[in-house]
Every structure is written in structure tokens, then in C-alpha cells.
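This report looks at a predicted model. It takes up an annotated region, then the nonpolar cores, and then the pairing of strands.

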Amino acid sequence: MRFEFIADEHVKVKTFLKRHEVSKGLLAKIKFSGGNILVNHQPQNAIYLLDIGDKVTIDIPSEKGFESLKAVDKDLSVVYEDEHFLVLDKPAGVASIPSVNHSNTMANFVKAYYIRHAYENQQVHIVTRLDKDTSGLMLFAKHGYAHARLDKQLQKKLIEKRYYALVRGTGDLEEQGEIIAPIGRNPESIITRRVTEDGKYAHTSYKVIERFGDVYLVDIHLHTGRTHQIRVHFSHIGFPLLGDDLYEGSLEHGIERQALHCHSLKFYNPFSGQEVERASPLPEDFKQVIEKLKE
């Protein structure tokens, strides 16, 4: 895969490429695994001194898929795709990555999708994961350089994800609010998290969309990405998610998983220079619960 840049400073190639988020590891891969660095169409090394206006070209070797990741054919709901990125709408009940308990995962499905389309790069790069029982938008990078560039956005909190949740509690939930409470491991469980003074900083914003008695449909914006953050924070304020028995959520409304759906995803595409924003509609099990509540 080829990428081209125009030098705007009198610096070494490696210094210039670092500013374009080309890491030392990627430079080593280019050098030792069949790639190229060209300056004005001529081969050069990473310490070559650039002049302003020089054309810098890098050829990145193709990525083979991990042999340990089994390809599993499955129809995918593609909501955005270009040469560098893929956004899918994940159904509830499907894990993001394989584990001892899960083998038919989004990663398995995406590997089969890449093979089916004979893509140059076969390695699966997950940028944003979702819990097994959370539905909605997932972002994938289609090569390592794209993944590295989005990792920088993740570190700077520039990738925006918004969620819908159905929550239930006693009393009134404020129309909008900020939940700022540190989250850490629960010493009594290897799975659950809890709000604890020695936990990591966690910040969740929300806005109530609609109320159905003691159940609320809320729109949630994550400012941090702690494990189970939304589930822990809403349980902490006394409004756990419907179906989320792990965090004391009500099981009375017929939804068989935590009522959480990633409905909006926004990120900056560094290759096109444009912002990408995609949305996913309210899932069917949410709609069924809401219809029953309205009755």
C-alpha cells in the first residue's frame, strides 16, 4: 500500500514521517519486510535529509492475517467502508474478539469478509470494541498504519461514540447530567467493575430522550472508555440498564441482554481529510420494550 507526502520542512525522512504518525516499528517493517522509501521517486533511507517540496513516498508491505484467527463466513451490516476503514453494525449476542468461550466473533467474520473480497491486507484491526451483548457501531482499520493513526485519535479522545440505553430506577432521573465517578475492579468478582475511590477517572454524559413511567430512554456520550463504564455509572446512580442482571438491572421487561446500543460514531479520516459520521437505528428489542411500555 502506497502513501505520498510533500515535505514542508528541512528535516530527516524519519522525523518528517513521525509527524505523519509513521512509527519506528512501521519504518522497520518497511525496511526489512519488502517496503520502500522514495524521495522524488528515488530510493532513500530514513536519515536522508529532505528539502522543502520533496515528494516522500512510502510503500508498506501487505499484512497477512493471523493464522490463529479462523475465518467464519457471516453476512455483515456495513455502514461505511473505504480503502482504510470499515464500520459495521454489530448485533447483540456476538463478541468482538475470540476467547475461550467465544469463537464466532466479529473478528472472525471480518477476516472472512477480507478474504472473500481478496483485500491486500488480511489482518483484522479492531479500533473500537463492544461488549458481547451490546449492539451497534464498531470501527475497524483495514491496515496497521490506519490503526496507528486512529489510536492517536483515541488517546486524544477525538473519536466520539454515543449510545442509547433503557434504564430504570426509583425517583426521577434528571433530564441531563454528568456522571463523574472513578471505576475499578470489584475484588469479589473477576468480571464486574464498581465505583471506587482508588479507581480510574471515568466521565459519562447523558440526556433523557423519552420517559415511560419509571423507565427512561437516554442518549449517552462517553468521555472515557472504562470497562463496563455506562453499566457501572448508571447502576451507581440508581438507574441500572434494563436486562443487565450483572449490575442489578430489571429483568421484567422482556429484553434478554443489557439494553445498550452504540447508535452514533464519529471520527476524522486522516487520509481523506474529512470527518466521518455514521448512525445506527434503534434495535428491534428496544422498540419492542418501548411499545409495551407505551401500552
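## Annotated region

According to the UniProt annotation, which belongs to an unreviewed entry, residues 84-236 carry the label "domain: Pseudouridine synthase RsuA/RluA-like".

## Nonpolar cores

The largest nonpolar core is made up of 46 residues, and those with the most contacts inside it are Leu-139, Phe-140, Val-167, Val-218, Phe-234 and Phe-267. Helix H3 (residues 106-116) supplies the largest share of this core, with 6 residues. At least three residues of this core come from each of domain 2 (62-156) and domain 3 (161-262 + 289-294).

Once neighbours within four places in sequence are left aside, the contacts of Phe-267 include Tyr-80, Phe-85, Val-87, Leu-139, Leu-150 and Ile-159, and also Gln-153, Gln-274, Glu-275 and Val-276. A second, separate core has 19 residues, among them Val-11, Val-13, Leu-26 and Leu-27.

## Strand S4 and its partners

Strand S4 (residues 55-59) is mostly covered, with 4 of its 5 residues buried. Strand S1 (residues 2-6) runs antiparallel to S4 and is joined to S4 by 5 bridges, while strand S2 (residues 36-39), also antiparallel to S4, is joined to S4 by 4 bridges.

Which residue of S4 is the bridge partner of Phe-5? That partner is Val-56, and Val-56 is likewise the bridge partner of Val-39.

Methods:
Residues are numbered from 1 along each chain as its sequence is written. This is a predicted model: local features need pLDDT of at least 70, side-chain atom pairs count only at pLDDT 80 or more; totals for chains, interfaces and linings use all residues. Side-chain values use heavy atoms; hydrogens and water are left out. Buried means under 20% relative accessible area, exposed over 50%, partly exposed in between (1.4 Å probe, protein chains only). Helices (H or I, at least four residues) and strands (E, at least two) are DSSP runs, numbered from the N terminus. Two strands pair if DSSP finds at least two bridges between them. UniProt positions are given in the numbering used here, feature names are shortened, and annotations may be inferred rather than shown by experiment. A nonpolar core is a set of buried Ala, Val, Leu, Ile, Met, Phe, Trp, Tyr and Cys residues joined through side-chain atoms within 4.5 Å. Domain bounds come from an automatic or database domain assignment. Contact means heavy atoms within 4.5 Å.
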